[in-house]
Amino acid sequence: MSQRPRASLGRVLDDLGDSLLELVAGDPAHDGEIGGIVIHDPDDEPVQPPAALVLGVGVAATALPELVRDVGRRGGVGLIVRAPVVLTPRLEAAVRDARLALIGLRRGATWAQLTALLRSLLAEGDLGPAEAESIGGLPSGDLFAVANAVGALLDAPVTIEDRSSRVLAFSGRQDEADPSRVETIIGRQVPERYAKMLTDLGVFRELYREHRPVVVNPADLGADSVSKQRVAIAVRAGDEVLGSIWAAMDGEVTPERSAALQDAAKLVALHMLRVRAGADVQRRLRTDLVSTALEGGVGARDALSRLGLAGKQVVVLAVALRAEHPADAEQVAGGTGDLERAADALSVHLSSSVPSSAVAVVGGIAYALLPVTATHGSEPEERAARLAEEFCERLGARLPMVVGIGGAGTDVSGVTESRATATRVLRVLRDGHAHRRVARLPDVHTQSLLLELRDLAAARGEKPVGPIARLLEYDERNDSGLAETLEAWLDALGDVRAAAAALFIHPNTLRYRLRRLEEVSGLDLADPEQRFAAMLQLRILAPR
């Protein structure tokens, strides 16, 4: 077994090469572990840890030699740019002088996918020294090492997948498979059309029922991009199915191959359980740190430091599911399954743009601590709002999220104030009082004040009085809807036709109702003070 550092540059190229990365120039055999992942931004002053791996997103070919030299001067071990890369003499000399590796990201792969994979690799050793724990002679929880070992045993490229057909790890030699496998690796997910075919053929049903390998003939799938048979086996821990191993290989599944797959499934199960336990520990630790930083108090400064946010300008994002009805808001926001998935998705989304961000679910809300700076006249809150809009667009209707944006804070008190503002904005969005997905306080300030007035009135037991009280009592007895008519007319600023359209009635019917409600309540609609008082009572005191 190789004893290279688990997060070395060579390890990254071994595990992510072929399908995602290609070495363009330079020596990847750097000693020691990668110190961190940095997104190159020409508009920001770079903060690059020692031995960093830099992602050059959107770097022009003419600017590449200078960027290579700059990364080298700052101690970087590698620079990844979009392939294909034309290796000119000037660029080759820059790589040689910088003593780093220039790597190309293959077409079809996205920066977000690459960042997620790199963070997964770099996080493998976070729970303790790798050499102190091993399972089956392989580093504990290192699914990429397990995939390579199983692939070598079967002499075939393999993937390790979870129950949702999401690729957790893969072996080398994926280019020896077929186009569908390459598409799966790049997307880190079995494409939906193939998953549907496998479901319709009953493959998953058989896979999760049997303890032996299941063979899928490529002809059964009827797709030109699938040319090699798939041999799969479920990975179990007791009665629980954790996922599966998929090998793309030709030839008969001999008893020896079948036994090898069964043994591999047992080994993978132990590693998957270790990964799950480690993820739970990391999630709890991250949640504790984020919660402590948001609440302020004695440990907040230390929590910000451990999150790598000390001294940085931080904007807090508050994220929740939008309620279908205001009364459902608390229940929807507290739905831990969807909210946890949304928090994980937000963490991955932000990691490609702001790697040092921190996301955790605290008190039924997903909070993100986002270190951002002003650029070209754009305020930190504006940049945070753009990232949040992109996140909501990616999730679409599957998870209708709303995001409240806090202000920028540079110390503990600033972060806690940003959290309070973000939560205040989120309440307006989540309750459906603003027709938007992302907002800052200036966008919803009036609605927020009305909600706070409603809270104050409810705490004091305030109820409608005068004309509005009489109108509500009349509606209660006669089911006449006059209060609704009044509210629609006030919202339309006295425009009879607009109010009638909102209520789906004829304008003459609306005029009759207005006269009737004046008779019933004693309200003078020509008096601006009475109109204002009526609007406040309807919005703040009347039952919603």
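This briefing describes the aromatic pairs of the structure. The model is predicted: local features need pLDDT of at least 70, side-chain atom pairs count only at pLDDT 80 or more, and totals for chains, interfaces and linings use all residues. Residues are numbered from 1 along each chain as its sequence is written, and side-chain values use heavy atoms, with hydrogens and water left out. The structure contains three aromatic pairs (rings of Phe, Tyr and Trp, the last by its six-membered ring, with centres within 6.5 Å; planes under 30 degrees apart are stacked, over 60 edge-to-face, the rest tilted).

**Phenylalanine 144 and phenylalanine 170**

- The ring centres of phenylalanine 144 and phenylalanine 170 are 5.3 Å apart and their planes stand at 75 degrees, so this pair is edge-to-face.
- Distant parts of the chain are linked by the pair, since phenylalanine 144 lies in helix H5 (residues 143-154) and phenylalanine 170 in strand E9 (residues 167-170), 26 residues apart; helices (H or I, at least four residues) and strands (E, at least two) are DSSP runs numbered from the N terminus.
- Phenylalanine 144 is buried, at 2% relative accessible area, and phenylalanine 170 is buried at 1% (buried means under 20%, exposed over 50%, partly exposed in between, with a 1.4 Å probe and protein chains only).

**Phenylalanine 204 and tyrosine 208**

- Phenylalanine 204 and tyrosine 208 form a stacked pair, with 6.1 Å from centre to centre and 20 degrees between the planes.
- Both residues belong to helix H8 (residues 203-209), and because they are four residues apart, about one helical turn separates them.
- Phenylalanine 204 is buried with a relative accessible area of 14%, and tyrosine 208 is buried with 19%.

**Cluster and charge**

- One aromatic cluster is formed by Phe204, Tyr208 and Trp246.
- Arginine 163 lies over the face of tyrosine 208, 4.3 Å from the ring centre (NZ of Lys or CZ of Arg within 6 Å of the centre and within 35 degrees of the ring normal).
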